[in-house]
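Subject: Structure handover

Hi,

Here is the structure for you to look through. Please open it alongside this email.

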Amino acid sequence: MKKRYILNYDDNQHGAIVARDGAETMVQVDGGDLTQVNFRPVLNGKAISIRFGGRLHLIHLSNADGNGSVKATISGRPVSLTVMDELRAQALESLGDVTESGTIAADIPGLVVQIKVTVGQVVHKGEPVIVVEAMKMQNELAASTSGTVIEIPVTEGDSVNPGDPLVIIEPEPGV
Amino acid sequence: MATSKTNRKFDKVLVANRGEIAVRIIQGLKEMGLGTVAVYSEADRTALHVLMADEAVFIGESPATESYLVADRILAAAAETAAGAIHPGYGFLAENGPFSRQVEEAGLIFIGPTAESMEVMGDKLASRRKMRSSGIPVVPGTDEAVTDPEVAVGIAEKIGYPVLLKASAGGGGKGMRIVRESGEMASALRQTMGEARSAFGNDAIFVEKYIEDPKHIEVQVLGDGLGNVIHVFERECSVQRRHQKVIEESPSPSLTPELRMRICEAAVQTAEAIDYRGAGTVEFILAPDGEFYFLEMNTRLQVEHPVTEMVTGTDLVHAMVKIALGEGICYRQEDLRQQGWALEFRLYAEDPGKNFAPSIGRIESMTVPQGPGVRLDTGVYEGYDVPIHYDPMLAKLIVWGEDRQQAIARSRRVLREFTLHGPGHNLPFHLWALEQPSFLDGSYTTHFVENEFDPADWLPKLDDGQAEALVAATALFEALRRSGVKAGTEGRDCSPRNWRLNALRSMTGNK
């Protein structure tokens, strides 16, 4: 059984092949040799101990969303990765470039303290549009694209959760 | 002010705080055989301090203004549980004079200073005048409001440029402006007054000498409230972001033995001037020329108190409780000495690469390093949801070594072993700091982060072997997880336990 994966982190893309044959596990990274690896899940399943390239590494891994987002820590260095199997990666690629989304969404739960724009207003990319307060800190969220504000689904004083749309902008690249 | 030794007994203490400091205080109280009462808000029902206390009382909704800051709720909780004393921790009501008065009026003991001490030290100008009259060095300048540029130029020429124009009602870095020569004075004064008027409704401006490249040195003191004060040496806290400390150490790498003696003596004098009771911290600015100036006194237990405990072998929570019990100061000055070196790293749920913006979420996994010289004061645990309502500090990692070099080497080891998945955090920031030449040679100032930190290039680098191993491990992790799901588990259950079982099954034979 052979699986191909595309992994992305820090603007780097890597390919990996995982092959299993009975008790043996083989891995190939970025077109290198397909080599047998010794590894084992440790620390109650929170980490993998892996011997690779002649060295032993302890890598903490957790699946952030159950859907290909993986958080890893190696030697104190946290890394966020996305993992896709090759088929999915190809499918996404064939969709072509996606237009930049005009929806500004909450990234952490908080309280909407100030809305700086109104529906119909023309905004420029980077312009502050809304202020959300969390943990005694006011976070100014900026327009992700230039365009016209078409909807503001929240009002000042609302509690919001990650992913909640706050300001929706119809992108107009020429603005 | 002198309290008799007979009526200050208690056997149960309410801790009017949350997070790691509430946990730390509860631990200290338990060690002394005292009963412990926690208070909690809606968001803190399953917080660690609540789980650890003997009793816990619900005091209100999640915002601190409806719970931890409501004096009446805290007093009602104390009455309900028959607690005899209240420890305020830091923040919230810790330096609130009226609250401590209310506590004492309710017949309870406030484990901290008197309201009078808090009020003198809480007012920047009053404390400045008090210190000046007590012979403590304060930053040269004037205590009188200035509106006339010519008067301001006169003062600036006397104390020497650069000077700082400061709104008397200001705070948090607002309403301040540096003036480097007389030509800039008129417009700078006009602008600062305008800013002060609109921000604080008060345009009183003071002129102070601007200390370039300052270091933040503070001295721990203990007083019995009867005029006896000792110091427990200094801490240096110059690594700051947004005027908030991130790394602290003791001893300070910036003091000679002679300077250390003088600054500690000044701190003792400061506390003596107000017959200070309990644990307090006197903060100083240290200028590059070795002159130091009184900044302010914090009339509470400080966040960074553990570095002092690690190098002096003291327990400041025990000491505070004993003072509150009327037993006086449990250490003698001549017995105290600094042994070795301690560093404290504040663990914040924040993203250093995004201007240190706070982050929240569930602590998915946490591996806490151990070994010699390691202490973790924490308010969180695996599975805990970090709430949005409070300060994003999760824990403090304190590392001790025989000397500064060993403490730094050990800190690197410990920070590399420490793993936290869930909210973004600043553990790698600390690893970054420990590689900076100005930190390593001790010359860093309070401008360290703004001068040295590049948000685009600060994460520790992975070498090629690590990067390859990471890709291989992640691919394996994903392959195992997916095969686990396919193996007939319901829905998208991919909990680590499940994953592990599948992994172990499929990996039999691996060493």
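Below are notes on a sheet, the helices on it, and the aromatic side chains.

Please keep in mind that this is a predicted model.

**The sheet**

Start with chain B. Eight strands form an open sheet there, in the order 13-12-9-10-11-14-21-19. The pairing is antiparallel. Strand 13 (292-298) and strand 19 (374-378) of chain B are the edge strands. Each has a single partner strand, so one side of each has no neighbour in the sheet. On average, neighbouring strands of this sheet are turned by 25° against each other, direction ignored.

As a reminder, strands of a sheet pair through backbone hydrogen bonds, in a parallel or an antiparallel way.

Now look at one pairing inside the sheet. Strand 10 (residues 229-241) and strand 11 (residues 244-250) of chain B run antiparallel and share four bridges. B:Arg241 has B:Gln244, in strand 11 of chain B, as its bridge partner.

**Helices on the sheet**

Which strands does helix 9 of chain B lie across? Helix 9 (residues 257-273) lies across strand 9 (215-224), strand 10, strand 12 (277-286) and strand 13 of chain B. Its direction is at about 110° to strand 10 of chain B. Helix 11 (residues 316-324) of chain B also packs on the sheet. Helix 11 touches strand 9, strand 10 and strand 12 of chain B, and makes about 40° with the direction of strand 9 of chain B.

**Aromatic pairs**

How many aromatic pairs does the structure hold over all chains? The count is 16.

- B:Phe99 and B:Phe110 are edge-to-face, at 6.1 Å centre to centre with 80° between the planes. B:Phe99 sits in helix 4 (residues 97-105) of chain B and B:Phe110 in strand 5 (residues 109-110) of chain B. The two are 11 residues apart. B:Phe99 and B:Phe110 are both buried.
- B:Tyr444 and B:Phe448 have ring centres 5.9 Å apart and planes at 65°, so this pair is edge-to-face. B:Tyr444 and B:Phe448 are both buried.

B:Tyr444 and B:Phe448 also belong to a cluster linked by ring pairs.

**Arginines over rings**

B:Arg404 lies over the face of B:Phe439, 5.0 Å from the ring centre. B:Arg241, the bridge partner of B:Gln244, lies over the face of B:Tyr348, at 4.5 Å from the ring centre.

Best wishes

Methods. Residues are numbered from 1 along each chain as its sequence is written. Chains are lettered from A and ligands numbered from 1 in the order in which they are written. This is a predicted model: local features need pLDDT of at least 70, side-chain atom pairs count only at pLDDT 80 or more; totals for chains, interfaces and linings use all residues. Side-chain values use heavy atoms; hydrogens and water are left out. Two strands pair if DSSP finds at least two bridges between them. Axes are lines fitted to C-alpha atoms, for helices over the stretch in contact, and angles run from 0 to 180 degrees between N-to-C directions. Contact means heavy atoms within 4.5 Å. Rings of Phe, Tyr and Trp (its six-membered ring) pair if their centres lie within 6.5 Å; planes under 30 degrees apart count as stacked, over 60 as edge-to-face and the rest as tilted. Buried means under 20% relative accessible area, exposed over 50%, partly exposed in between (1.4 Å probe, protein chains only). A charge sits over a ring if NZ of Lys or CZ of Arg is within 6 Å of the ring centre and within 35 degrees of the ring normal.
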